[in-house]
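This briefing covers packing, one chain-to-chain contact and model confidence. The sequence and structure come first.

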Amino acid sequence: MAGATITQVAPLPVAVPLVVAALLAGGRDRWPRSFADAAALGTAIFNVVVTAHLLALSLVQPIVYWMGGWWPRAGIAIGISFSIDAIGAGTALLASVLVAAAFVFSLKYFESVGTLFHVLMLVFLAGMCGFALTGDLFNLFVWFELMGAAAYALCGYKTEDPKTLQGALNFAVTNTVGAFLALTGVALLYGRTGALNMAQIGHALASGTQSSPDALTLASFAFITCGFLVKAAAVPFHFWLDDAHAVAPTPVCMLFSGVMVELGLYGAVRVYWAVFAGVLGTHQAELRGIITSFALLTALVGGVMCFAQTHLKRLLAFSTVSHMGIMMMGVAMLTPSGLAAIAVYVLAHGAVKAALFCYSGILLHRFATVDEMELYGRGRVMPLTGALFALSAVVLASLPPFGVFAGEAILGESAKRAGYGWVTFVASLAAALTGGAVLRVAARVFLGWGEKSERQGQKTGEKRETKAGRSGTPAMMSGAAGALVVAALVIGLAPGLKRGAEKAALDMAGTSDYQARVLDNRTIPAPSVKPAPLEPAEFARGFASVLGALALAGCALFRRRLPRVASAGLRSLSSAVVAQRKLHSGHIGDYITWLTIGVAAMGGLLSLAFR
Amino acid sequence: MSPRIRLALFVISLLGFAAIFAAGARELKPVGQYPGPYGDVLNAAAVPERHTTDVVTAINFDYRGFDTLGEEFILFGSVMGVLLLLRQTQDERRKENPEEEAGGGPQASDAMRGFTLALVGPLAVFGLYIVLHGQLTPGGGFQGGLIIATAPLMVYLSGRLEEFKAVTSPHVIEVAEAVGAGGFALAGFLGLLAGRNFLANVLPLGKTGNVFSSGTILLISVLTGIEVAAGIVLAIRAFLEHALEIELKGGKTR
Amino acid sequence: MLQWLMGWFAYAVAIWIFAVGLYGIVTSRNWIHLAICVAVMQSSTYVMLLSIGYRTGGAAPIFVDIPPGTRAVDPVVHALMLTDVVVEATVLALIVVLAVQIHRRTGTLDPDKLLELQG
């Protein structure tokens, strides 16, 4: 079968990086830097090619690949499957592209400790691809932990700084608790269904005899979803994210914000559609309400905290939290069109967020700081960088017709259809907050606008992560950043984007088709998709959020010149902001307390909704 | 949050969490009534299909071998992470006289020395036995590799750090770890080369009950054993070096 | 009562262990202690998995002395647990390494005193 030979590449995005990582680790002090760079970058590019190929294949017909050749017997899966649909392949592609960009960014100059950096990044890449492509629930957990182990080590890279170690510790403990919470949910499901394959579990749950889902289904749904939402940095599980970003080196931050956090959301969404959609489908409206509440909270808390930061990396971290809230709004609609919106959004956001982290890395390389106040006006020597930085900021604020806007527009349509049209206003507000914060930084750093604040910026005491080179930015760094910005622009303009996303979403959300494909090896005819063009109202909203971002940035920069009324209003808001900031204490006990509160809240809301 | 508020909020939500967990667990079958079907299918199939008598190892290295590949690389990645995080940084330096500092390493009495050195051989052999017999009786790469890793540790317990370091040359151990980890992934490619799927069992299956049976299960088990042993030794070495031989410039900890 | 004990006690133990582990993490005053509490929390999943796979009167899934087809416990959860243990050990190693480094650089292991990362 010709089709079968082509899909033999399915395990390669995981297997090849692992082999190369082992190779590089074997002589970690003996491989020359250029060889390690070449091998690592080559592997990442290989992954990009293979995952793009898988994406192209899966858009036509999703791929099911059984490891070891263990095909299911009589509907019982005995091996592990890769169930690759377009969204999974697309996520793996995003991970590969960002890892490649991170390697380009760190060519030559990044302090790489022998080959350990390359090894850990390749292991991280393998974990991400495995997570995105697998169809087995325990296998999902294994790749989740692989991503985690590599991430914790990479986060604690700059070991001389006690802040780094604390950030890495908070990250490691919080995510491990989340992972084992999810595993507990998996164990409960295994106890009920005796299966680990997602399609098989979904089928078994849906053909059970209850009319309403029972406590076990709800408990496992709560645990698995909350476990993955910890990785996704949804509120109230998000506290680890800004700690980790504040201390991790730049290429690692690119990956964290660009794809790792999104993978957490992907995990929760994949498990919902493959396992729970059948059995929880009767109460979609209540579920929609619950997830939307978490989403709104995330978007707003993230946005407000983002605007209050002066440390550029923490600002971008909270911006990621806020955008995660917007992404959750899309998936909360529980419809294929919501999924399609987020598929586009994730790609564009990943590119632009990674680009912004590249720029923060460039600033760190040149000026040894990433604090907005310390950088005041110093960016004037790099006007091109400043322009691209500002461009990224407005793209982030949903400037039509580019990528982030495209996702939000589709989200708007989907939300309206689900009766939640008003969430798009919150999304616009969040986008304005985060875009405005980045614009404010751009103006302050690259133009020297705004008052030099009497409040001293947080003394970041950043350690260098690159060999010193204060004159000029290395071409690799600005090249990587520029390419990512271009990608973010282009994604929104790609023809057939909407159709592809909607087709992909239909594949992911078609639960019974998924089960038939995986368990019975049936080929389901592809659904036909006729996407509608974007409505003009969405364009208006996009421009509105950009204007809002500009306005917010202006208010922040020129606070003294505002009319008395406005600054009084701002001052009353700021006490609320201060209280919120106090909650982000850096103490692991607080973080785990919030985690437990979140799990209990999710469980409580579910039991109320399904009684 | 103040510690009292934190504790109060935490305990309340912990009770909620426990209630959810308990409500879910109540719907499970009581302990002792596992209903299947996954386990029963594999119990029935493993011996005839794979010529292994230890079904758990067959699951680990064949039916669900892909999980074990990930697991092995979690160990590999963590060891690399440990090496990364315990590296000597610019504000640290090697102690000139580590023996004087730590009072000469662990002071091994003659009895201790004799006992631990006598154990080195048996531990290594026993670990090897566990690795090679994984497909027959409880055991396999992970368990046996861990036991093998304790053999050099006995050398450390019997004397000093230098002796441990002499026995565990980093170049050799690192290559061993890389071979073990990379070898597992490459063993998966054997399946692809044979025209079947990744990680398919393509080596001759032999006769049930022999040591050399079960095809790739034995091969992967041995490779895993090498990797686990090497990884653990590397990690312990890094810990010991960091604790005993590296100090902050400018004296003790701040 | 005895029936409840036989049937559900193991699950209750698993819940208790998870809760105790979490409690330890939240109230810990020492990062090494905290790392061990994480390990305790992780081990609740072992109890859970193994209890789910148990069969009263079932043999171990090792068919050396017993003929294949004898009633045996579920081998899958044992395999899962092996993976689980390795994951726990590796995460524990990383957390302990970070704690060791923090102690070397700041002289303390108390989370209450290490609060440099505030929002």
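The model is predicted.

**Nonpolar core**
- Leu120(A) and Cys358(A) have the most contacts inside the largest nonpolar core, which holds 365 residues.
- Helix 11 of chain A, residues 250–280, gives the most to this core, with 22 residues.

**Helix 6 of chain A**
- Helix 6 runs over residues 137–155 of chain A, and its 19 residues should span 27 Å at 1.5 Å a residue.
- The end C-alpha atoms of helix 6 are 26 Å apart, which agrees with that expectation.
- Helix 6 of chain A is largely enclosed by the rest of the structure, because 19 of its 19 residues are buried.

**Contact between chains B and C**
- Chain B places 44 residues in contact with 45 residues of chain C.
- On the chain B side, two or more residues each come from helix 1 (3–26), helix 2 (38–50), helix 3 (55–63) and helix 4 (65–85).
- Helix 4 of chain B supplies the largest share of that side, 9 residues.
- By type, the chain B residues that touch chain C are 28 nonpolar, 10 polar and 6 charged.

**Confidence in chain A**
- The average pLDDT of chain A is 85, and 93% of the residues score at least 70.

Key: Residues are numbered from 1 along each chain as its sequence is written. Chains are lettered from A and ligands numbered from 1 in the order in which they are written. This is a predicted model: local features need pLDDT of at least 70, side-chain atom pairs count only at pLDDT 80 or more; totals for chains, interfaces and linings use all residues. A nonpolar core is a set of buried Ala, Val, Leu, Ile, Met, Phe, Trp, Tyr and Cys residues joined through C-beta atoms within 7 Å. A residue is buried if 20 or more other C-beta atoms lie within 10 Å of its own, exposed if 12 or fewer, and partly exposed in between; C-beta atoms are placed from the backbone. Helices (H or I, at least four residues) and strands (E, at least two) are DSSP runs, numbered from the N terminus. pLDDT is the predictor's confidence in each residue, from 0 to 100. Two residues are in contact if their C-beta atoms, placed from the backbone, lie within 7 Å. Ala, Val, Leu, Ile, Met, Phe, Trp, Tyr, Cys and Pro count as nonpolar, Asp, Glu, Lys and Arg as charged, and the others, Gly among them, as polar. The expected span of a helix is 1.5 Å times one less than its number of residues.
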